[in-house]
Amino acid sequence: MDLFEYQARELFDDYGVLTPRAEVTDSSKEAREIARRLGGRVVVKAQVKTGGRGKAGGVKLAADPAAAELTARQILGTDIKGHRVRSVMLAQPVDIEDEFYVSYVLDRAAGRFLAIASAEGGMDIEEVAATRPDAVARVPVDPAEGVTAAVAAKIAEAADLPMRTVDVLVRLWKVLVAEDALLVEVNPLVRTAQGQIMALDGKVTLDDNARFRHSRRADHETGAEDRLEALAAERGLNYVKLDGEVGIIGNGAGLVMSTLDVVAGCGARPANFLDIGGGASAQVMADGLRVILSDPAVKSVFVNVFGGITACDAVAEGIVRALEDVRPTRPLVVRLDGNNAARGRAVLAERAHPLVEQVATMDGAARRAADLANAA
Ligand code: GDP
Ligand code: MN
(Lines give C-alpha, C1' and ligand atoms only; values in the text may rest on other atoms or scores of the structure.)
(Ligands and ions follow the chains in the order given, each with its own letter.)
Protein backbone atom coordinates (compact mmCIF):
# COMPACT_ATOMS: atom_id res chain seq x y z
CA MET A 1 0.00 0.00 0.00
CA ASP A 2 1.29 3.45 -0.94
CA LEU A 3 0.85 6.22 1.60
CA PHE A 4 -0.11 9.79 0.91
CA GLU A 5 2.58 12.38 1.52
CA TYR A 6 0.90 13.57 4.71
CA GLN A 7 0.84 10.00 6.05
CA ALA A 8 4.50 9.46 5.18
CA ARG A 9 5.32 12.68 7.03
CA GLU A 10 3.56 11.43 10.14
CA LEU A 11 5.84 8.40 10.11
CA PHE A 12 8.89 10.61 9.60
CA ASP A 13 7.81 12.69 12.59
CA ASP A 14 7.55 9.56 14.71
CA TYR A 15 11.16 8.68 13.98
CA GLY A 16 12.59 12.15 14.48
CA VAL A 17 13.00 13.18 10.84
CA LEU A 18 12.31 16.91 10.60
CA THR A 19 9.43 18.03 8.39
CA PRO A 20 7.86 21.47 7.97
CA ARG A 21 4.73 22.07 10.07
CA ALA A 22 1.69 21.11 8.04
CA GLU A 23 -2.01 20.18 8.16
CA VAL A 24 -4.36 18.40 5.78
CA THR A 25 -7.88 19.31 4.71
CA ASP A 26 -10.48 18.59 2.05
CA SER A 27 -12.08 22.03 2.41
CA SER A 28 -10.81 25.28 0.94
CA LYS A 29 -12.46 27.28 3.75
CA GLU A 30 -10.54 25.28 6.30
CA ALA A 31 -7.40 25.80 4.23
CA ARG A 32 -7.66 29.50 5.03
CA GLU A 33 -7.84 28.74 8.78
CA ILE A 34 -4.89 26.39 8.57
CA ALA A 35 -2.83 28.96 6.67
CA ARG A 36 -3.61 31.50 9.39
CA ARG A 37 -2.45 29.02 12.07
CA LEU A 38 0.75 28.29 10.13
CA GLY A 39 1.68 31.96 9.88
CA GLY A 40 -0.02 33.08 6.64
CA ARG A 41 2.34 32.10 3.84
CA VAL A 42 2.01 28.41 2.97
CA VAL A 43 2.78 25.81 0.32
CA VAL A 44 -0.44 24.16 -0.87
CA LYS A 45 0.14 20.58 -1.97
CA ALA A 46 -2.27 18.17 -3.68
CA GLN A 47 -2.46 14.84 -1.85
CA VAL A 48 -2.42 12.18 -4.55
CA LYS A 49 -0.53 8.92 -4.73
CA THR A 50 1.63 9.88 -7.66
CA GLY A 51 4.86 11.83 -8.14
CA GLY A 52 5.47 14.87 -10.29
CA ARG A 53 2.81 16.94 -8.59
CA GLY A 54 4.98 20.05 -8.74
CA LYS A 55 5.15 19.95 -12.54
CA ALA A 56 1.45 19.14 -12.84
CA GLY A 57 0.44 22.25 -10.89
CA GLY A 58 -0.28 20.39 -7.67
CA VAL A 59 2.26 22.29 -5.52
CA LYS A 60 1.74 26.04 -5.18
CA LEU A 61 2.90 28.81 -2.91
CA ALA A 62 0.21 31.02 -1.37
CA ALA A 63 1.16 34.39 0.08
CA ASP A 64 -1.58 34.67 2.70
CA PRO A 65 -4.66 32.86 4.08
CA ALA A 66 -6.98 34.28 1.41
CA ALA A 67 -4.64 33.11 -1.34
CA ALA A 68 -4.36 29.72 0.38
CA GLU A 69 -8.14 29.32 0.24
CA LEU A 70 -8.21 30.26 -3.43
CA THR A 71 -5.31 27.98 -4.31
CA ALA A 72 -6.83 25.08 -2.36
CA ARG A 73 -10.10 25.61 -4.24
CA GLN A 74 -8.22 25.54 -7.55
CA ILE A 75 -6.35 22.33 -6.73
CA LEU A 76 -9.12 20.35 -4.96
CA GLY A 77 -11.11 18.19 -7.35
CA THR A 78 -8.60 18.44 -10.18
CA ASP A 79 -7.03 15.44 -11.81
CA ILE A 80 -3.31 14.81 -11.51
CA LYS A 81 -2.12 11.99 -13.76
CA GLY A 82 -5.43 10.17 -13.37
CA HIS A 83 -5.72 10.76 -9.61
CA ARG A 84 -8.53 12.97 -8.33
CA VAL A 85 -7.33 15.41 -5.66
CA ARG A 86 -9.51 14.89 -2.58
CA SER A 87 -7.36 16.70 -0.05
CA VAL A 88 -4.57 19.23 0.15
CA MET A 89 -1.77 19.62 2.61
CA LEU A 90 -0.74 23.10 3.69
CA ALA A 91 2.83 23.41 4.88
CA GLN A 92 5.01 26.17 6.24
CA PRO A 93 7.34 27.27 3.45
CA VAL A 94 11.00 26.54 3.87
CA ASP A 95 13.99 28.48 2.55
CA ILE A 96 15.76 25.87 0.49
CA GLU A 97 19.52 26.01 0.23
CA ASP A 98 20.04 22.59 -1.35
CA GLU A 99 17.79 19.78 -2.57
CA PHE A 100 18.86 16.13 -2.26
CA TYR A 101 17.30 12.83 -3.23
CA VAL A 102 17.38 9.79 -0.94
CA SER A 103 15.53 6.50 -0.98
CA TYR A 104 15.65 2.96 0.27
CA VAL A 105 14.09 0.41 -1.98
CA LEU A 106 13.86 -3.36 -1.88
CA ASP A 107 16.04 -4.93 -4.54
CA ARG A 108 14.24 -8.23 -5.00
CA ALA A 109 16.66 -9.63 -7.55
CA ALA A 110 19.66 -9.06 -5.29
CA GLY A 111 17.83 -10.08 -2.10
CA ARG A 112 18.93 -6.83 -0.50
CA PHE A 113 17.93 -3.25 -0.10
CA LEU A 114 19.36 -0.47 -2.16
CA ALA A 115 20.08 3.05 -0.99
CA ILE A 116 19.74 5.51 -3.85
CA ALA A 117 20.94 9.04 -3.21
CA SER A 118 21.87 12.15 -5.12
CA ALA A 119 23.02 15.66 -4.33
CA GLU A 120 20.84 16.82 -7.22
CA GLY A 121 17.38 16.18 -5.84
CA GLY A 122 14.20 18.04 -6.64
CA MET A 123 11.76 17.82 -9.46
CA ASP A 124 14.16 16.65 -12.18
CA ILE A 125 15.66 13.61 -10.49
CA GLU A 126 14.40 11.26 -13.22
CA GLU A 127 16.19 13.34 -15.83
CA VAL A 128 19.37 13.44 -13.75
CA ALA A 129 19.24 9.65 -13.42
CA ALA A 130 18.73 9.24 -17.17
CA THR A 131 21.27 11.73 -18.47
CA ARG A 132 23.95 11.67 -15.75
CA PRO A 133 23.72 8.34 -13.93
CA ASP A 134 27.01 9.13 -12.17
CA ALA A 135 25.23 11.81 -10.19
CA VAL A 136 23.03 9.16 -8.58
CA ALA A 137 24.73 6.84 -6.09
CA ARG A 138 23.44 3.31 -5.58
CA VAL A 139 24.69 1.61 -2.43
CA PRO A 140 23.55 -1.93 -1.54
CA VAL A 141 22.30 -2.33 2.03
CA ASP A 142 22.69 -5.65 3.78
CA PRO A 143 19.32 -6.19 5.50
CA ALA A 144 20.94 -7.87 8.50
CA GLU A 145 23.37 -5.01 9.09
CA GLY A 146 20.98 -2.23 8.08
CA VAL A 147 21.93 1.43 7.82
CA THR A 148 24.22 2.12 10.74
CA ALA A 149 25.94 5.48 11.12
CA ALA A 150 28.92 4.02 9.27
CA VAL A 151 26.78 2.76 6.37
CA ALA A 152 24.95 6.10 6.25
CA ALA A 153 28.28 7.91 6.03
CA LYS A 154 29.21 5.68 3.09
CA ILE A 155 25.92 6.53 1.33
CA ALA A 156 26.37 10.26 1.98
CA GLU A 157 29.90 10.14 0.69
CA ALA A 158 29.00 8.17 -2.44
CA ALA A 159 26.27 10.71 -3.28
CA ASP A 160 28.21 13.76 -2.19
CA LEU A 161 25.64 14.67 0.46
CA PRO A 162 26.71 16.74 3.46
CA MET A 163 27.66 14.58 6.47
CA ARG A 164 24.81 16.27 8.32
CA THR A 165 22.42 13.99 6.45
CA VAL A 166 23.84 10.88 8.15
CA ASP A 167 21.51 11.14 11.12
CA VAL A 168 18.44 11.43 8.84
CA LEU A 169 19.61 8.50 6.69
CA VAL A 170 19.75 6.32 9.81
CA ARG A 171 16.30 7.48 10.94
CA LEU A 172 14.74 6.85 7.53
CA TRP A 173 16.10 3.32 7.65
CA LYS A 174 14.41 2.88 11.03
CA VAL A 175 11.14 3.93 9.41
CA LEU A 176 11.60 1.28 6.74
CA VAL A 177 12.38 -1.54 9.18
CA ALA A 178 9.95 -0.70 11.97
CA GLU A 179 7.03 0.00 9.63
CA ASP A 180 7.74 -2.90 7.25
CA ALA A 181 8.09 -0.61 4.24
CA LEU A 182 9.25 -1.70 0.80
CA LEU A 183 10.10 1.85 -0.21
CA VAL A 184 10.99 5.02 1.66
CA GLU A 185 11.74 7.94 -0.62
CA VAL A 186 12.40 11.58 0.20
CA ASN A 187 12.65 14.03 -2.69
CA PRO A 188 13.59 16.63 -1.87
CA LEU A 189 15.48 16.19 1.34
CA VAL A 190 16.64 19.76 1.83
CA ARG A 191 19.23 21.77 3.66
CA THR A 192 17.49 24.94 4.77
CA ALA A 193 19.00 28.40 4.92
CA GLN A 194 19.17 27.81 8.68
CA GLY A 195 21.22 24.66 8.12
CA GLN A 196 18.56 22.12 9.10
CA ILE A 197 18.08 18.87 7.17
CA MET A 198 14.35 18.45 6.43
CA ALA A 199 12.13 16.08 4.47
CA LEU A 200 9.95 18.24 2.20
CA ASP A 201 8.22 15.33 0.48
CA GLY A 202 7.77 11.66 1.28
CA LYS A 203 6.75 8.52 -0.48
CA VAL A 204 6.35 5.33 1.54
CA THR A 205 5.12 1.96 0.32
CA LEU A 206 4.15 -0.47 3.09
CA ASP A 207 4.40 -4.22 2.71
CA ASP A 208 0.82 -5.51 2.76
CA ASN A 209 2.03 -8.92 3.90
CA ALA A 210 3.01 -7.33 7.21
CA ARG A 211 -0.39 -5.73 7.76
CA PHE A 212 -1.18 -8.12 10.62
CA ARG A 213 1.52 -6.69 12.86
CA HIS A 214 0.59 -3.03 12.37
CA SER A 215 -2.68 -2.19 14.04
CA ARG A 216 -2.30 1.47 13.03
CA ARG A 217 -2.47 0.66 9.38
CA ALA A 218 -6.23 0.81 9.24
CA ASP A 219 -5.81 4.56 9.82
CA HIS A 220 -3.92 4.85 6.55
CA GLU A 221 -6.65 3.24 4.52
CA THR A 222 -8.51 6.32 3.47
CA GLY A 223 -8.69 6.09 -0.31
CA ALA A 224 -11.50 4.41 -2.23
CA GLU A 225 -8.93 1.92 -3.40
CA ASP A 226 -7.88 1.00 0.11
CA ARG A 227 -11.45 0.81 1.40
CA LEU A 228 -12.52 -1.56 -1.36
CA GLU A 229 -9.44 -3.73 -1.03
CA ALA A 230 -9.90 -3.89 2.75
CA LEU A 231 -13.57 -4.84 2.29
CA ALA A 232 -12.55 -7.58 -0.15
CA ALA A 233 -9.76 -8.84 2.12
CA GLU A 234 -12.24 -9.09 5.00
CA ARG A 235 -14.29 -11.46 2.85
CA GLY A 236 -11.25 -13.39 1.70
CA LEU A 237 -11.59 -12.31 -1.93
CA ASN A 238 -8.78 -12.04 -4.48
CA TYR A 239 -9.49 -8.45 -5.48
CA VAL A 240 -7.33 -5.71 -6.93
CA LYS A 241 -8.77 -2.28 -7.64
CA LEU A 242 -7.90 -0.83 -11.07
CA ASP A 243 -8.60 2.54 -12.68
CA GLY A 244 -11.41 1.77 -15.13
CA GLU A 245 -15.19 1.48 -15.31
CA VAL A 246 -16.01 -2.15 -16.12
CA GLY A 247 -16.25 -4.31 -13.00
CA ILE A 248 -14.93 -7.82 -13.61
CA ILE A 249 -15.67 -11.09 -11.85
CA GLY A 250 -14.39 -14.42 -13.07
CA ASN A 251 -13.34 -17.81 -11.80
CA GLY A 252 -9.64 -18.59 -12.05
CA ALA A 253 -6.83 -16.04 -12.25
CA GLY A 254 -6.01 -16.91 -15.87
CA LEU A 255 -9.56 -16.41 -17.07
CA VAL A 256 -9.84 -13.12 -15.18
CA MET A 257 -6.54 -11.85 -16.61
CA SER A 258 -7.66 -12.61 -20.14
CA THR A 259 -11.06 -11.04 -19.39
CA LEU A 260 -9.24 -7.80 -18.48
CA ASP A 261 -7.42 -7.96 -21.83
CA VAL A 262 -10.57 -8.64 -23.83
CA VAL A 263 -12.43 -5.75 -22.14
CA ALA A 264 -9.47 -3.45 -22.82
CA GLY A 265 -9.48 -4.67 -26.42
CA CYS A 266 -13.11 -3.54 -26.67
CA GLY A 267 -12.09 0.02 -25.81
CA ALA A 268 -13.09 0.05 -22.13
CA ARG A 269 -11.03 -0.05 -18.96
CA PRO A 270 -11.39 -2.74 -16.29
CA ALA A 271 -12.31 -1.39 -12.83
CA ASN A 272 -10.80 -4.31 -10.97
CA PHE A 273 -9.41 -7.81 -10.95
CA LEU A 274 -11.57 -10.27 -9.01
CA ASP A 275 -11.04 -14.00 -9.05
CA ILE A 276 -13.71 -15.95 -7.18
CA GLY A 277 -11.60 -19.06 -7.43
CA GLY A 278 -12.14 -22.67 -8.37
CA GLY A 279 -14.62 -23.97 -5.81
CA ALA A 280 -16.50 -20.71 -5.46
CA SER A 281 -19.86 -20.84 -3.76
CA ALA A 282 -22.96 -18.69 -4.17
CA GLN A 283 -21.79 -16.82 -1.06
CA VAL A 284 -18.46 -15.88 -2.64
CA MET A 285 -20.24 -14.69 -5.77
CA ALA A 286 -22.55 -12.51 -3.71
CA ASP A 287 -19.63 -11.08 -1.70
CA GLY A 288 -17.73 -10.34 -4.90
CA LEU A 289 -20.61 -8.50 -6.51
CA ARG A 290 -21.11 -6.51 -3.34
CA VAL A 291 -17.51 -5.32 -3.34
CA ILE A 292 -17.57 -4.41 -7.03
CA LEU A 293 -20.85 -2.54 -6.77
CA SER A 294 -19.46 -0.56 -3.82
CA ASP A 295 -17.04 1.02 -6.27
CA PRO A 296 -18.63 4.25 -7.54
CA ALA A 297 -16.37 4.19 -10.62
CA VAL A 298 -18.03 1.00 -11.90
CA LYS A 299 -20.45 1.64 -14.80
CA SER A 300 -21.11 -1.96 -15.82
CA VAL A 301 -20.16 -5.38 -14.54
CA PHE A 302 -18.96 -8.33 -16.56
CA VAL A 303 -19.38 -11.71 -14.86
CA ASN A 304 -17.34 -14.22 -16.83
CA VAL A 305 -17.57 -17.79 -15.59
CA PHE A 306 -16.38 -20.97 -17.14
CA GLY A 307 -17.91 -23.66 -14.99
CA GLY A 308 -15.43 -26.31 -13.95
CA ILE A 309 -15.50 -27.20 -10.28
CA THR A 310 -17.71 -24.15 -9.85
CA ALA A 311 -20.96 -25.18 -11.46
CA CYS A 312 -22.69 -22.39 -13.35
CA ASP A 313 -25.97 -22.88 -11.48
CA ALA A 314 -24.19 -22.12 -8.17
CA VAL A 315 -22.83 -18.96 -9.73
CA ALA A 316 -26.26 -18.01 -11.06
CA GLU A 317 -27.75 -18.54 -7.62
CA GLY A 318 -25.04 -16.34 -6.13
CA ILE A 319 -25.91 -13.59 -8.56
CA VAL A 320 -29.61 -13.87 -7.77
CA ARG A 321 -28.86 -13.73 -4.05
CA ALA A 322 -26.58 -10.74 -4.43
CA LEU A 323 -29.24 -8.93 -6.48
CA GLU A 324 -31.57 -9.18 -3.48
CA ASP A 325 -28.98 -7.70 -1.09
CA VAL A 326 -27.19 -5.12 -3.15
CA ARG A 327 -29.92 -3.82 -5.43
CA PRO A 328 -27.57 -2.78 -8.24
CA THR A 329 -28.03 0.48 -10.08
CA ARG A 330 -25.68 -0.58 -12.88
CA PRO A 331 -26.09 -3.28 -15.53
CA LEU A 332 -24.57 -6.76 -15.30
CA VAL A 333 -23.52 -8.74 -18.33
CA VAL A 334 -23.20 -12.44 -17.56
CA ARG A 335 -21.50 -15.09 -19.61
CA LEU A 336 -21.90 -18.63 -18.28
CA ASP A 337 -20.28 -21.56 -20.00
CA GLY A 338 -19.03 -25.02 -19.03
CA ASN A 339 -20.28 -27.17 -16.16
CA ASN A 340 -24.06 -26.84 -15.77
CA ALA A 341 -24.20 -23.78 -18.03
CA ALA A 342 -27.73 -24.52 -19.22
CA ARG A 343 -29.06 -24.77 -15.65
CA GLY A 344 -27.22 -21.59 -14.67
CA ARG A 345 -28.62 -19.68 -17.61
CA ALA A 346 -32.10 -20.92 -16.78
CA VAL A 347 -31.79 -19.71 -13.18
CA LEU A 348 -30.90 -16.22 -14.36
CA ALA A 349 -33.50 -16.19 -17.12
CA GLU A 350 -36.18 -17.13 -14.62
CA ARG A 351 -35.16 -14.31 -12.26
CA ALA A 352 -35.43 -11.92 -15.24
CA HIS A 353 -33.80 -9.00 -13.47
CA PRO A 354 -34.05 -5.86 -15.63
CA LEU A 355 -30.37 -5.00 -15.12
CA VAL A 356 -29.01 -8.46 -15.91
CA GLU A 357 -28.44 -9.67 -19.42
CA GLN A 358 -26.78 -12.83 -20.67
CA VAL A 359 -24.44 -13.09 -23.62
CA ALA A 360 -23.24 -16.50 -24.72
CA THR A 361 -19.64 -15.75 -25.73
CA MET A 362 -16.77 -14.11 -23.86
CA ASP A 363 -15.98 -11.69 -26.70
CA GLY A 364 -19.63 -10.75 -27.17
CA ALA A 365 -20.17 -10.22 -23.45
CA ALA A 366 -17.01 -8.11 -23.15
CA ARG A 367 -18.13 -5.94 -26.07
CA ARG A 368 -21.56 -5.48 -24.49
CA ALA A 369 -20.14 -4.61 -21.03
CA ALA A 370 -17.70 -2.16 -22.63
CA ASP A 371 -20.47 -0.49 -24.66
CA LEU A 372 -22.66 -0.15 -21.57
CA ALA A 373 -19.80 1.41 -19.59
CA ASN A 374 -18.89 3.81 -22.38
CA ALA A 375 -22.50 4.86 -22.91
CA ALA A 376 -23.11 5.51 -19.18
P1 GDP B 1 6.40 16.31 -6.26
O2 GDP B 1 6.56 17.17 -7.46
O3 GDP B 1 5.15 15.46 -6.35
O4 GDP B 1 7.60 15.46 -6.01
O5 GDP B 1 6.18 17.28 -5.01
P6 GDP B 1 7.23 17.90 -3.96
O7 GDP B 1 6.63 17.85 -2.63
O8 GDP B 1 8.56 17.26 -4.10
O9 GDP B 1 7.30 19.42 -4.39
C10 GDP B 1 7.85 19.81 -5.63
C11 GDP B 1 8.85 20.93 -5.43
O12 GDP B 1 8.22 22.04 -4.80
C13 GDP B 1 10.02 20.56 -4.54
O14 GDP B 1 11.06 19.94 -5.25
C15 GDP B 1 10.44 21.91 -4.00
O16 GDP B 1 11.37 22.50 -4.89
C17 GDP B 1 9.16 22.73 -4.02
N18 GDP B 1 8.69 22.87 -2.65
C19 GDP B 1 7.91 22.03 -1.95
N20 GDP B 1 7.72 22.47 -0.70
C21 GDP B 1 8.42 23.64 -0.61
C22 GDP B 1 8.65 24.61 0.43
O23 GDP B 1 8.20 24.48 1.56
N24 GDP B 1 9.43 25.69 0.13
C25 GDP B 1 9.96 25.89 -1.10
N26 GDP B 1 10.70 26.95 -1.32
N27 GDP B 1 9.78 25.00 -2.10
C28 GDP B 1 9.03 23.90 -1.86
MN1 MN C 1 8.92 15.23 -4.58
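Analyst: A strand is a DSSP run of E of at least two residues and a helix a run of H or I of at least four, both numbered from the N terminus. The model is predicted, so local features need pLDDT of at least 70 and side-chain atom pairs pLDDT 80 or more, while totals for chains, interfaces and linings use all residues. Residues are numbered from 1 along each chain as written, chains are lettered from A and ligands numbered from 1 in written order, and side-chain values use heavy atoms, without hydrogens and water.

User: Which strands each supply at least two residues of the shell around ligand 1?

Analyst: A residue counts as near a molecule if one of its heavy atoms lies within 4 Å of it, and 18 residues surround ligand 1, with Lys45, Arg53, Gly54, Glu99 and Asn187 the closest. Domain 1 (21-91) and domain 2 (96-213), whose bounds come from an automatic or database assignment, each give at least three residues to this shell. The strands that each supply at least two are S2 (42-46), S7 (96-107) and S10 (181-192).

User: How many Å separate an oxygen atom of ligand 1 from an N or O atom in the side chain of Glu99?

Analyst: A polar contact here is a pair of N or O atoms within 3.5 Å. Ligand 1 has an oxygen atom 3.4 Å from a polar backbone atom of Gly52, and an oxygen atom 3.1 Å from a polar backbone atom of Asn187. For the side chain of Glu99, the distance from a ligand oxygen to an N or O atom is 2.6 Å.

User: What is the phi of Asp160 near?

Analyst: Most residues other than glycine have a negative phi. Asp160 sits in the loop between helix H5 (149-159) and helix H6 (166-178). Its phi is positive although Asp160 is not a glycine, with a value near 65°.

Notes
Polar contact = N/O pair within 3.5 Å; in protein donor to acceptor, adjacent residues only side chain to side chain.
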